[in-house]
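Thanks for coming. Please have a look at the model on the screen before I start.

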Amino acid sequence: MAALRYAGLDDTDSEDELPPGWEQRSTKDGWVYYAKRPKTKMLVVRGFNRLISLHLPEQKEREDIVPGHTEEKTQWEHPKTGKRKRIAGDLPYGWEQETDDNGQVFFVDHINKRTTYLDPRLAFTVDDNPTKPTARQKYDGSTTAMEILQGRDFSGKVVIVTGANSGIGFETAKSFALHGAHVILACRNMARANEAVLRILEEWHKAKVEAMTLDLALLRSVQHFAEAFKAKNVSLHVLVCNAAAFALPWSLTKDGLETTFQVNHLGHFYLVQLLQDVLCRSAPARVVVVSSESHRFTDISDSSGKLDLSRLSPSKNDYWAMLAYNRSKLCNILFSNELHRRLSPRGVTSNAVHPGNMMYSAIHHNWWVYTLLFTLARPFTKSMQQGAATTVYCAAAPELEGLGGMYFNNCCRCTPSSEAQNEETARALWALSERLVQEGLGNQAS
C-alpha cells in the first residue's frame with residue numbers, strides 16, 4: 001500500500017494490500033475511500049483536430065493519438081476485503097494539516113521538510129461502521145432539499161419547522177409538505193406565516209400545511225404553542241429547530257435574558273423539553289438543530305473551564321452581535337449532542353447542521369453592513385433550496401435512522417470544534433438551561 005510504503009511500513013503480505021490500479025485516499029473528516037485509476041482510452045484524431053474514430057484505423061498514414069478522459073471509480077469498501085475504514089488518532093509528531101488554494105487538504109512534515117497530499121495516518125486505519133459515511137456518495141453542497149426527498153412519500157408523518165415563513169425554514173417546510181407530510185410552520189409573525197402557507201398551497205393544493213404562533217423570545221409563548229400542538233393529538237416525527245436571530249442590537253426579553261441567546265438556544269431548548277414526550281411516543285423520531293460553522297470562532301467557558309452565563313447572556317457593555325450569534329450556535333451543537341444522549345435510548349435522535357455559508361436571506365437585515373456584505377457575496381452563495389438540503393437530509397435520510405449526536409455540513413458528517421464536542425460542557429449547558437427556564441417562568445408569574 002502507498003500509505004504503508006510512505007510510512008516505512010511496507011508489508012506486501014498484508015491482506016489489505018490493494019490490487020493493481022487502486023489507490024487509498026481519505027476525506028477531510030477522516031473517512032477512507034478507494035479509487036481505481038481509469039484505463040487510458042485512445043481517441044483517434046485525423047487532420048486538424050477532427051475526430052474520426054475511437055479505434056485505430058487499418059491505414060498506415062500518419063495519425064495523432066490523444067488520451068481520452070474517463071471518470072475514476074470510487075468506493076468506500078476495500079476492493080479485496082470489503083471492509084470500510086476510518087483514520088484513527090492524531091497526526092504524527094511534526095506533521096500539520098493545511099489546505100491549498102483549491103480547498104484540497106495536504107500535509108506538511110516540518111521535521112523532514114516535505115509536503116504530500118497523502119495522509120500519513122492511512123497506515124494506521126481502523127474498521128468502522130459502514131453506514132456512517134454513505135452521505136458522501138449521494139449528496140453535496142449543490143444538492144437541493146427537493147432532490148433529497150425525490151421519490152419519497154411522507155404521508156402520515158408530522159413535521160414542525162420553527163421560523164418557517166421564509167428562507168431555509170420555508171424551503172424545508174415546503175419540501176416536506178410537497179412530499180405528503182403534515183407540516184406545521186411555527187412562526188412569530190402569523191401574517192407572514194399564513195402567506196407562506198398559501199405559497200405552498202399554490203404549488204400543491206392538497207398539501208397538508210398550517211401555521212401556528214411561536215415566539216421563541218417569550219417562554220410563555222413556547223408553552224402555549226406546545227399545549228396547542230398537543231391538543232391536536234397527533235404524532236411528531238420530525239422537529240426542526242431552525243429559527244434564529246442574527247445581528248440584533250442588544251436587548252433583553254421579557255424573561256430577562258439577552259434576545260439572541262434566548263431565541264437561538266433557550267427557546268428551542270424549552271420547546272423540545274415540552275414536546276419530548278410526543279417525540280418519544282412517535283419514535284422513531286428526529287430532531288434537527290440548525291447551527292453554523294461560526295460556532296468555531298468562540299467559546300462559552302471562563303478561564304477555569306466552567307460555563308459562563310455572562311458570555312451567553314451578556315450585559316449591554318459586553319455585547320457584540322456577531323459574538324452573541326456565534327455563542328448561540330455553539331450552544332445549538334452542545335444541546336443537540338446532549339439531547340441525543342438522553343433521548344436516543346427512547347428512539348429519538350438529534351443532529352446539528354450547518355446550512356451553508358453566507359446565504360442571502362432576511363436574517364441579516366438588522367444592520368446595513370451585513371446587508372452590504374451579503375449582497376456582495378450573493379453570487380457565491382447557496383440558494384435557499386440548497387441551504388435547506390442538509391437539514392432535510394438529517395431529518396429524512398434512511399441511512400441515518402437511529403444515528404445522531406453528529407454535526408453535518410453539505411449533507412456530510414464533519415467534525416465540529418473541540419468545545420462543541422465537550423460532554424461536560426453539554427451537560428452543564430443543559431442544567432443551566434433548565435434553571436434559566438424555571439427562573440424565566442417564575443419572573444413572569446410574579
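Predicted model: local features only at pLDDT ≥ 70, side-chain atom pairs only at ≥ 80, totals over all residues.

Residues are numbered from 1 along each chain as its sequence is written, and side-chain values use heavy atoms, with hydrogens and water left out.

The chain has 12 helices and 19 strands; these are DSSP runs, H or I of at least four residues for helices and E of at least two for strands, numbered from the N terminus. Of its 446 residues, 51% are buried, meaning under 20% relative accessible area with a 1.4 Å probe, protein chains only.

Now the helix pair. Helix α4, residues 167-177, packs against helix α5, residues 190-203, at an angle of about 40°, and the axes are 10 Å apart. Axes here are lines fitted to C-alpha atoms over the stretch in contact, and angles run from 0 to 180 degrees between N-to-C directions. On the α4 side the contact (heavy atoms within 4.5 Å) uses F170, A173, K174 and A177, and on the α5 side A196, R199, I200 and E203.

Last, T390. This residue sits in helix α11, residues 384-396. Is T390 buried or exposed? T390 is buried, because its relative accessible area is 0%. Beyond its neighbours within four places in sequence, T390 touches V353, H354, F408, N409, N410 and C411. With C411 there is also a polar atom of the T390 side chain 3.1 Å from the backbone nitrogen.

Terms used
Buried < 20%, exposed > 50% of the residue type's maximum accessible area, 1.4 Å probe, protein only. Polar contact = N/O pair within 3.5 Å; in protein donor to acceptor, adjacent residues only side chain to side chain.
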